[in-house]
Amino acid sequence: MNTVDYPLVNHEMVANSPYFAPLLPWQQELWQRLTMRVDRLPHGLLFAGMAGIGKHAFVWRLIAWLLCHNRGQHAEGACGCCDSCLWLASATHPDLIVLPQESQIIEIEAQDADGKGQKKNLNQSSKSMHKKVSSADNTAIGKIKVDDIRALQPFVNQGSHGRRICVIDYADTMTVAAANALLKTLEEPKAGVYLILISDRPAKLLATIKSRVQQIPITQFSASCAQTFLTEQIIKQQQIQSSKSSDRVEGGQPEAAKQIATQLLAIADGAPLKALAFFDAPWYGLRQLWLITWRALQYGKRSSIAASDYWQTQLDLTDFLQLTQVMINDLQRLKLGIAPKQQDIDFEQLTALMDKPFEKWIQLQHNIDDMKISIGQNVQEKLIYDELMQQLATI
Ligand SMILES: [Zn+2]
């Protein structure tokens with residue numbers, strides 16, 4: 001290997017690249033099933049399912065393996081040292097293109113060596129970039145337009161001795177014109193070209209697109225596997241925290257960690273990486289405080305402006321919206337007489353506040369979705385914060 005060709009690549013870059021991250025435990029079986037029939041893989045693939053289950057981590061690993069020159073000797077993943085792998089590590093692979101291309105933010109959902117989900121950085125000038133997405137949704141992602149798809153044509157039509165891969169991330173954000181343009185490409189596949197679509201919201205994809213790609217069962221995994229993974233991650237983190245602080249001696253208790261994992265998976269709709277992101281999130285420890293604020297707002301003991309000013313010093317708006325969503329989901333459950341998902345939060349003394357019309361809660365959910373979209377549109381966060389507090393006070 002001539003390292004002079006890769007002046008920017010070193011071992012650490014390969015080790016830190018999401019293309020070479022360990023396989024998530026619940027994806028082992030799928031990996032084997034897919035890679036065993038690599039020569040019969042369809043030309044259009046769709047990885048669809050809710051955020052936080054490791055779709056991206058799986059796709060990056062699969063791409064690296066499909067392009068790896070030493071694939072035959074490395075069934076478990078790309079070798080990490082051939083030309084292709086080094087191109088990937090330096091984000092300069094000529095046979096890979098990723099949409100949305102205009103993205104300038106380059107954090108990628110990935111696994112580190114400990115198997116913990118986190119964001120990794122890649123070369124900013126690379127084609128293989130991704131917009132930063134929150135762990136929960138992709139409302140901040142712009143639409144993929146017809147010109148973006150047309151710009152792919154030279155890449156997918158170009159002859160190649162090996163494989164060429166085109167990834168369309170957030171495929172559900174394609175406009176109808178973009179989706180129709182993509183259909184033409186899907187109808188006339190070139191040998192060796194793979195089109196990989198990733199979507200958190202496959203229901204929004206055109207039926208004609210879905211009928212021309214093979215949906216990979218990335219969402220099929222056992223709840224117990226997710227639970228075991230999350231419990232292990234929580235124990236690890238608690239042990240690290242305990243070792244750093246003499247105050248925290250409770251860390252690393254398997255039974256307690258299992259209970260935390262169960263609750264996190266419940267509020268994350270069973271998505272293990274999303275659950276882990278919740279555990280790490282700054283809002284997770286502020287849930288009881290949110291409830292105290294809400295009660296104070298409801299009883300007029302605190303003004304919405306004062307509450308807004310206070311919370312702006314505690315959490316950024318994205319985190320506060322996520323926290324509010326988790327809390328009102330449980331308040332809606334209480335309203336319906338269903339046990340809340342959060343067992344560690346004291347929902348006592350709220351009975352008197354449970355007489356709100358259900359439609360008001362639904363409306364608040366819609367408003368929060370709109371506010372999430374506003375964040376990506378340069379609306380002043382303070383204004384949204386004030387508006388949300390006002391709504392929480394008057395629901
Ligand atoms: Zn390789």
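Q: Why does aspartate 172 count as buried?
A: Its relative accessibility is 7%, and buried means under 20% relative accessible area, exposed over 50% and partly exposed in between (1.4 Å probe, protein chains only). Aspartate 172 therefore counts as buried. This is a predicted model, in which local features need pLDDT of at least 70, side-chain atom pairs count only at pLDDT 80 or more, and totals for chains, interfaces and linings use all residues. Residues are numbered from 1 along each chain as its sequence is written, and side-chain values use heavy atoms, with hydrogens and water left out.

Q: What makes aspartate 172 and arginine 201 a salt bridge?
A: The closest N and O atoms are 3.2 Å apart. A salt bridge needs a side-chain nitrogen of Lys or Arg within 4 Å of a carboxyl oxygen of Asp or Glu, so the pair qualifies.

Q: Why does this pair tie together parts that are 29 residues apart in sequence?
A: Aspartate 172 lies in the loop between strand 5 (164-168) and helix 7 (176-187), and arginine 201 in the loop between strand 6 (193-199) and helix 8 (207-210). Helices (H or I, at least four residues) and strands (E, at least two) are DSSP runs, numbered from the N terminus.

Q: What makes arginine 287 buried?
A: Its relative accessible area is 5%. Arginine 287 meets aspartate 344 in a salt bridge at 2.7 Å, N to O.
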